[in-house]
Amino acid sequence: MKTEKPLHSDELKTIGSVICEKTGVGLKKHLIEQAFTRSSYANIYGGNNNEILEYIGDAILGYCVVKQLYEYYGNLQVNDEHRYYTFRTHERDFSSLKSRIVSNETLAGIMDEWDLCQYLIVGQSDAVNEVDRQQKIRADLLEAIIGAIAMQSRWNQQILENVVSKIIPIEKMILEYEAENYRHPEFSADNAVSTIKEMAERGECDFPAYDFHGPESLGYTSDGKPKWSCSIAIACWQANLVVFAHSKKAAKKYAAYLALCNRFDLTNEYGPCKRLPVWGFDGERLFPNPPDDF
């Protein structure tokens with residue numbers, strides 16, 4: 001940390017080089033100096049501080065992260081009367097993931113990698129308290145840098161989205177979050193029904209709606225096998241598919257299994273990972289679009 005201004009020319013050059021390398025933006029010197037000046041210094045010696053830039057950067061981060069989360073989770077629902085937007089996850093889960101991505105821990109870790117906190121200009125009280133050791137202060141500095149880029153680019157949306165995606169691995173963090181919270185370590189067709197039930201009981205998804213049809217309405221195959229179908233609908237996942245099999249139990253468990261595969265973008269172990277609405281199970285493998293005599 002520094003307790004005097006201005007930043008020397010070699011310091012400005014170092015800071016500017018790192019920011020340009022990490023963000024793709026060459027930041028002007030006066031914006032660098034404002035982004036690195038804490039209010040504890042400005043309150044004593046006058047001049048600008050980084051609080052407004054930090055505020056702007058925080059808002060931009062929130063917007064960019066939510067936009068990318070919607071691109072990953074979001075869907076437009078259309079029916080005869082309405083068009084509306086939904087997420088393939090509950091709001092509780094969505095908020096938790098957003099909080100992780102923009103947490104002080106995440107942002108401070110980025111600033112640690114950039115090694116720029118040594119240039120933070122602070123008042124004597126901040127220096128005594130060694131504020132650069134605090135996660136929030138380091139996170140605030142990254143937000144101030146993003147705010148400075150917003151000012152320089154005149155709020156250019158494409159530049160700001162590119163900067164955020166360049167410095168925060170949002171997609172990687174989404175996949176890590178999904179793996180930690182949802183993917184069952186022994187995920188299979190045999191435990192798919194119970195897995196969905198347990199997730200629903202924990203509030204992680206809606207309870208599934210199953211609908212069955214048996215040989216009394218579907219009949220039998222030419223070689224005498226009974227025809228069964230099970231459809232599954234899970235509203236919050238926008239899951240709606242049907243599996244035909246030769247037993248009620250098999251139709252149900254493979255319908256649940258495919259719903260989970262679709263939810264987590266997993267390749268099912270019985271065939272290709274395709275979001276198809278109708279499947280058949282012949283006792284050994286799953287396949288799409290079974291023939292009429294299946």
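**Cores and helix contacts**

Modeller: Let's start with Ile 168, which touches Leu 61, Ile 101, Leu 107, Ile 110 and Met 173, leaving out residues up to four places away in sequence; contact here means heavy atoms within 4.5 Å.

Colleague: Before we go on, what should I know about the model?
Modeller: This is a predicted model, where local features need pLDDT of at least 70 and side-chain atom pairs count only at pLDDT 80 or more, while totals for chains, interfaces and linings use all residues. Residues are numbered from 1 along each chain as its sequence is written, and side-chain values use heavy atoms, with hydrogens and water left out.

Colleague: Thanks! How many residues has the largest nonpolar core?
Modeller: The largest nonpolar core has 53 residues, and Phe 36, Ile 101, Trp 114, Leu 116 and Ile 168 have the most contacts inside it. A nonpolar core is a set of buried Ala, Val, Leu, Ile, Met, Phe, Trp, Tyr and Cys residues joined through side-chain atoms within 4.5 Å; buried means under 20% relative accessible area, exposed over 50%, and partly exposed in between (1.4 Å probe, protein chains only).

Colleague: And which helix gives the most to this core?
Modeller: Helix 8 does, with 10 residues. Helices (H or I, at least four residues) and strands (E, at least two) are DSSP runs numbered from the N terminus.

Colleague: How do helix 8 and helix 9 pack?
Modeller: At an angle of about 155°, with their axes 10 Å apart. Axes are lines fitted to C-alpha atoms, for helices over the stretch in contact, and angles run from 0 to 180 degrees between N-to-C directions. That makes helix 8 roughly antiparallel to helix 9, a term for angles over 145 degrees.

Colleague: Which residues make the contact?
Modeller: Leu 142, Ile 146, Ile 149 and Ala 150 of helix 8 meet Ile 159, Leu 160, Val 163 and Ile 167 of helix 9.

Colleague: New topic: at what angle do helix 11 and helix 13 pack?
Modeller: About 65°, with their axes 7 Å apart. Helix 11 is therefore roughly perpendicular to helix 13, as angles of 65 to 115 degrees count as such.

Colleague: Last one: is Glu 284 buried or exposed?
Modeller: Glu 284 is exposed, with a relative accessible area of 69%. Glu 284 sits in the loop between strand 6 (278-281) and strand 7 (286-288). From Phe 264, Glu 284 is 20 residues apart in sequence and 23 Å apart in space, C-alpha to C-alpha.

Definitions and conventions: Angles under 35 degrees count as roughly parallel, over 145 as roughly antiparallel, 65 to 115 as roughly perpendicular and the rest as oblique.
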